[in-house]
Amino acid sequence: MGLKLKTAREKLGVIAGEKSKFHLTQGVGEVTTLRNENRQTSSLVNESEVLGRVYEKEKLVSMLLCDASHHDDLSVYAICGMGGLGKTTLSQLVYNDENVAKAFDLRVWVYVSDDLNIKRLTQAILESIEGNSCNIQELDPLQQRLVEKLVRKRFLLALDNVWNECPDKWDVLKQPLWRGKRESTVVITTRAEKITLMTAGDILHRLRCLSNDDSWSLFKQKAFGRGINEGNVILEIIGREIVRRCGGVSLAIKAL
Ligand SMILES: Nc1ncnc2c1ncn2[C@@H]1O[C@H](COP(=O)(O)OP(=O)(O)OP(=O)(O)O)[C@@H](O)[C@H]1O
Ligand SMILES: [Mg+2]
């Protein structure tokens with residue numbers, strides 16, 4: 001135990017040393033910008049710019065289309081993984097899939113962020129369905145209105161970027177949702193695996209990193225545009241080496 005403590009202390013020492021080496025300052029500013037409204041997403045995606053994810057997309061689509069009817073409760077799928085990996089992108093691909101669009105009577109995309117505010121979310125769902133702003137302020141009339149919209153409909157609700165795993169709030173949000181057709185589905189993207197505790201252990205899809213080749217293609221697309229420098233062996237060797245260090249994280253590759 002003594003030895004383990006010593007090793008742990010040494011590791012902490014190294015981490016503390018890096019703080020000053022990289023001139024890091026203490027604060028919560030960055031985290032809030034990561035979570036704030038500037039990062040709001042929509043369901044739109046330019047599919048021609050997305051590399052790989054073919055298998056993941058097909059798997060999720062077929063789960064959405066086939067599996068749902070086995071559930072008595074609402075089906076919930078969580079796409080989980082670290083920041084910038086491509087969870088939102090995969091969710092967009094699934095949401096816009098032709099067969100998914102045909103199978104669901106209604107599709108709704110809502111950006112959640114760290115604010116799991118049930119009234120705001122219910123309003124956002126209604127606004128997305130109705131296409132105009134919703135002035136109802138109280139929860140009960142909001143939920144009543146949502147029930148009216150969902151009843152006898154098979155809907156797909158994409159909740160992007162969920163941070164909080166608050167089972168009580170989830171239960172309230174779900175009240176109107178299970179009034180839709182039984183085959184209705186919720187797709188959540190989140191960095192936190194424990195979100196499945198909130199949704200009572202529904203299906204979790206751990207998103208993997210991009211493959212080396214897809215990473216390279218993405219880097220090439222961003223660095224060289226269309227076709228320029230294609231076939232330059234030296235650049236490819238250097239480029240692949242750079243990309244290897246990004247660990248298959250899409251955001252890192254794009255940022256570089
Ligand atoms: N397969 C891909 N091909 C090309 N670009 C991708 C791919 N996946 C993600 N990207 C790009 O990488 C960036 C990060 O992706 P995305 O927003 O989907 O990540 P995320 O996992 O949802 O991140 P966060 O946890 O921060 O919400 C985006 O600019 C997106 O367009
Ligand atoms: Mg995201």
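Here's a quick briefing on how ligand 1 is held in this structure. Keep in mind that this is a predicted model. Ligand 1 sits in the largest pocket, and the shell around ligand 1 takes residues from both domain 1 (41-206) and domain 2 (212-255), so ligand 1 lies between the two.

**Who's around the ligand**
- There are 19 residues around ligand 1, and the ones that come nearest are Leu 51, Lys 87, Thr 88, Thr 89 and Arg 191.

**Polar contacts and cover**
- Arg 191 has a side-chain N or O atom 2.7 Å from an oxygen atom of ligand 1.
- For Arg 39, the distance from a side-chain N or O atom to an oxygen atom of ligand 1 is 2.8 Å.
- Lys 254 puts a polar side-chain atom 2.9 Å from an oxygen atom of ligand 1.
- On its own, ligand 1 has 630 Å² of accessible area, and the protein covers 86% of that.

Definitions and conventions: Residues numbered from 1 in each chain as written. Chains lettered and ligands numbered in written order. Predicted model: local features only at pLDDT ≥ 70, side-chain atom pairs only at ≥ 80, totals over all residues. Heavy atoms only, no water. Near = heavy atom within 4 Å. Polar contact = N/O pair within 3.5 Å; in protein donor to acceptor, adjacent residues only side chain to side chain. Areas by Shrake-Rupley, 256 points an atom, 1.4 Å probe, with all protein chains shown as cover. 1 Å grid on protein atoms, 1.4 Å probe; cavity = no way out; pocket = protein on both sides within 12 Å on 5 of 7 lines; lining within 4 Å. Sits in = over half its atoms within 2 Å of the grid points. Domains from an automatic or database assignment.
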